[in-house]
Amino acid sequence: MARAPIGLKLRERRKALGVTQTALAAKVGVSPSYLNLIESEKRNIGGSLLMRLASELEIQLEELDGAADRRLIDDLGEIAASPTFQNLKVSPQSASELVGRHPEWARALTVLYRTYMDRDQTVIALADRLNQDPFLAAAVHRMLTNVSSIRSASEILESVPDIEPDQRERFHNILLTESDQLSSVAEGLAAFFDKGVAPTRSISPNEEIDDFLQEHQNYFPELESAAEVLASSLQLREQGITTALSELIEQRYGVTITYAAPGSKPQANQTSLKGVAHDKRMVLAEALPGPTRRFLLARTAAELALAETIDEIIEKSSVLTSAEARRRATRVLTSYCASAMLLPYDRFLEQSIKLRYDIERLRHSFDVSLEQVCHRLITLRKPAAEGIPFAFMRVDPSGYVSKRYALPGLPIPRYGGACPLWPVYRAFQTPGMVNCNLAAFPNNDRFLFVACAVEKGASAYGQHRPLLSIMLACEALYADQTVYGDTLSTGARDQALAVGPTCRLCTREDCGHRQEDLIVAT
Amino acid sequence: MATKVLIAEDEKNIVESLSFILKREGYEVSAIFDGGQVLESLTSSPPDIVILDVMLPQTNGFEILKQLRGTPQIAALPVIIITAKGQAQDRATATNLGADVFMSKPFSNKDIVAEVKRLTSV
């Protein structure tokens with residue numbers, strides 16, 4: 001818990017009363033230098049000395065050690081930790097100083113931050129509303145259907161001169177009812193936009209990455225070729241690919257690989273922002289599982305050997321506008337190359353089809369992690385050699401979405417939770433076990449969900465290994481190409497789990513799992 | 001004997017117009033409004049061509065198309081997919097599943113009649 005800035009408050013009060021440090025120190029029986037240390041928050045204070053000082057300065061003890069201040073400091077600490085301020089390197093410790101010296105500014109800052117967060121959430125909600133809004137989607141569908149009926153009926157009336165009177169009347173009625181419905185839909189749309197919804201779109205680096213990957217359908221032929229060439233250049237001997245990758249990194253690029261003991265810092269492969277090529281060193285956690293170690297080595301090899309190819313792709317992109325987005329895209333593409341090296345496209349696709357997308361058998365077949373298998377599956381988009389189109393999602397136990405790749409018709413939330421019924425959340429109850437479901441959305445779209453919670457990071461006694469849940473999703477019509485479809489009947493609608501996108505966008509108003517109100521008109 | 005057309009579409013007014021115009025061209029037309037009944041109807045009394053909407057209640061048009069192509073008795077039936085979902089992805093899905101024609105709403109009567117004629121002419 002944050003400590004209240006008693007010293008700073010004492011100083012402010014003393015100055016307000018016009019008392020010198022020396023005079024106050026003499027009155028309470030301490031040296032001026034000791035009082036200075038107290039006022040500078042370099043010494044703790046309590047007991048009789050605090051009471052004497054409070055008495056001399058005519059201030060209540062509660063004012064000096066107030067819970068409100070501690071809350072304020074905690075709030076500021078949370079603000080300092082926000083990704084928004086990460087580049088400013090705001091020290092959480094300085095919050096105490098701000099509360100002590102300028103409490104009104106500290107309060108103003110927290111109010112401002114809360115207001116900003118509220119606005120931010122509103123912008124996200126509005127962007128979601130436009131991109132995924134079931135009302136808009138239904139309205140467009142309704143309009144096209146109405147227009148289709150009107151067009152067809154009017155063509156008949158215009159092109160069939162000998163139409164019977166009762167049929168003529170029937171088609172006139174169709175025109176009347178359909179155009180009436182069309183008017184209602186148009187009015188509904190006008191009302192929707194009259195509510196002040198602007199076509200806003202958050203453009204955070206993560207969203208730019210999403211757009212970038214969608215633009216390329218998460219398939220990069222240049223990187224596939226380059227990774228293949230790099231992998232074939234490895235001096236594979238009986239020691240296997242881990243040794244070959246280490247030798248490539250150390251001998252060809254002069255990078256020293258060191259291993260950190262469990263619990264020491266850095267924990268994994270942390271290098272400076274300038275990258276391993278600059279640092280000439282790479283630190284790996286000693287107790288990493290084999291597949292993770294191989295992946296990190298392959299990623300470093302790609303960073304060293306394929307930087308030019310990766311940079312070219314990023315430079316050509318028009319959607320990566322910020323430096324941060326380009327930096328993150330570099331990391332994403334470097335990981336893509338590592339994946340392509342360890343799971344060569346054609347062989348992986350062939351095995352995926354042969355093993356009917358059984359992610360556990362694929363994992364053992366290639367000796368990689370479950371997450372690496374799932375990641376690679378969403379890249380199988382080579383024209384004329386495509387796998388099943390999958391969406392991907394990774395969440396931590398708090399529901400934070402740390403990775404996502406959406407499909408048309410299956411929006412994966414960028415922020416906050418998806419529908420609590422998605423198996424990606426249930427998977428946390430049975431780590432290591434694959435959960436699958438056929439899920440039906442309110443608009444009748446159906447998807448196969450396959451989820452599993454896995455442990456990440458180094459493994460050693462006493463070391464906490466965070467649990468993450470990963471999920472693949474594909475349209476229900478592909479279910480029978482997977483091993484998971486064997487236990488599911490795609491024809492039987494009553495076997496599908498009734499889910500939604502997120503509560504805010506879900507039209508199942510009677511759902512007992514609803515956490516938030518629907519924000520869209522129905 | 002008249003060529004049989006089955007229309008699987010849940011919008012009654014669209015079905016009425018399509019039925020009218022196809023009957024005038026000499027086709028024998030029947031209609032189904034519920035996706036769950038389409039396959040049963042196709043296997044029990046196969047038509048010569050199917051006009052299949054995507055957004056059907058119960059089972060959607062893509063799932064029906066896939067099951068149709070996997071049922072030997074009716075696998076070769078010509079299928080025209082009609083939909084208000086005109087995205088490139090939907091078009092690709094229809095093509096991959098073996099649709100003969102993909103038409104976005106709103107379509108013209110003339111176009112759909114021309115496609116029916118083309119696909120049913122021997």
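# Close-up views of a predicted two-chain model

**Figure 1. Strands E8 and E9 of chain A pair in the antiparallel sense.** Strand E8 covers residues 446-455 of chain A and strand E9 covers residues 467-475 of chain A, and 9 bridges link the two. Within this pairing, A:Leu448 is placed opposite A:Cys474 of E9(A). Helix H20 (residues 370-377) of chain A packs on the sheet, where it touches E8 and E9 as well as strand E5 (391-395) of chain A. The direction of H20 makes about 30 degrees with that of E9(A). The whole model is predicted, not experimental.

**Figure 2. The sheet of chain A is open and has 6 strands.** The order across the sheet is E6-E5-E9-E8-E7-E10, and the pairing is mixed. Which strands stand at the edges? They are strand E6 (401-405) and strand E10 (497-498) of chain A. Each has a single partner strand, so one side of E6 and one side of E10 are left without a neighbour in the sheet.

**Figure 3. Helices H1 and H7 of chain A pack against each other.** The view shows helix H1 (residues 6-17) and helix H7 (residues 94-101) of chain A, whose axes are 8 Å apart. The packing angle is about 25 degrees, and H1(A) is therefore roughly parallel to H7(A). Their crossing is right-handed. On the H1(A) side the contact is made by A:Leu8, A:Lys9 and A:Glu12, and on the H7(A) side by A:Glu97, A:Gly100 and A:Arg101. Sorted by class, the residues in this contact are 4 charged, 1 polar and 1 nonpolar.

**Figure 4. Helices H13 and H15 of chain A cross at roughly 30 degrees.** Helix H13 spans residues 241-253 and helix H15 spans residues 290-305 of chain A; their axes come within 9 Å. The angle makes H13(A) roughly parallel to H15(A), and the crossing of H13(A) and H15(A) is left-handed. From H13(A), the residues in contact are A:Ile241, A:Thr242, A:Leu245, A:Ser246, A:Leu248, A:Ile249 and A:Tyr253. They meet A:Arg293, A:Arg294, A:Leu297, A:Ala298, A:Thr300, A:Ala301 and A:Leu304 of H15(A). What is the make-up of this contact by class? The contact of H13(A) with H15(A) has 9 nonpolar, 3 polar and 2 charged residues.

**Figure 5. A:Arg356 has a positive phi.** The value is near 50 degrees, in a residue other than glycine. A:Arg356 sits in the loop that runs between helix H18 (345-354) and helix H19 (359-366) of chain A.

**Figure 6. Chain A and chain B are in contact.** On the chain A side 20 residues take part, and on the chain B side 23 residues. Helix H9 (134-159) and helix H10 (165-194) of chain A each supply at least two residues of the side that touches chain B. Which element gives the largest share of that side? H9(A) does, with 11 residues. By class, the side of chain A that touches chain B has 8 nonpolar, 8 polar and 4 charged residues. For the complex, the predictor gives an ipTM of 0.84 and a pTM of 0.63.

**Figure 7. The sheet of chain B is open and its pairing is parallel.** Its 5 strands follow the order E2-E1-E3-E4-E5. Strand E2 (28-32) and strand E5 (101-104) of chain B are the edge strands, each pairing on one side only. Direction ignored, neighbouring strands of this sheet are turned by 20 degrees against each other on average. Strand E4 (residues 79-83) of chain B pairs with E5(B) in the parallel sense over 4 bridges, and B:Ile81 is placed opposite B:Phe102 of E5(B).

**Figure 8. A cis peptide bond joins B:Lys105 and B:Pro106.** The omega angle of this bond is about 0 degrees. B:Pro106 belongs to the loop between E5 and helix H5 (109-120) of chain B.

**Figure 9. Confidence of the prediction along the two chains.** Chain A has a mean pLDDT of 83, and 87% of its residues reach 70 or more. Over residues 196-202 of chain A, pLDDT stays under 50, and the model has 13 contacts beyond four places in sequence for this stretch. Chain B has a mean pLDDT of 92, with 98% of its residues at 70 or more.

Note on methods: Residues numbered from 1 in each chain as written. Chains lettered and ligands numbered in written order. Predicted model: local features only at pLDDT ≥ 70, side-chain atom pairs only at ≥ 80, totals over all residues. pLDDT = per-residue confidence, 0-100. Pairing = 2+ DSSP bridges. Contact = placed C-beta atoms within 7 Å. Axes fitted to C-alpha atoms, helices over the stretch in contact; angles between N-to-C directions. Parallel < 35°, antiparallel > 145°, perpendicular 65-115°, else oblique. Left-handed = near helix turned anticlockwise from the far one by under 90°. Nonpolar A, V, L, I, M, F, W, Y, C, P; charged D, E, K, R; others polar.
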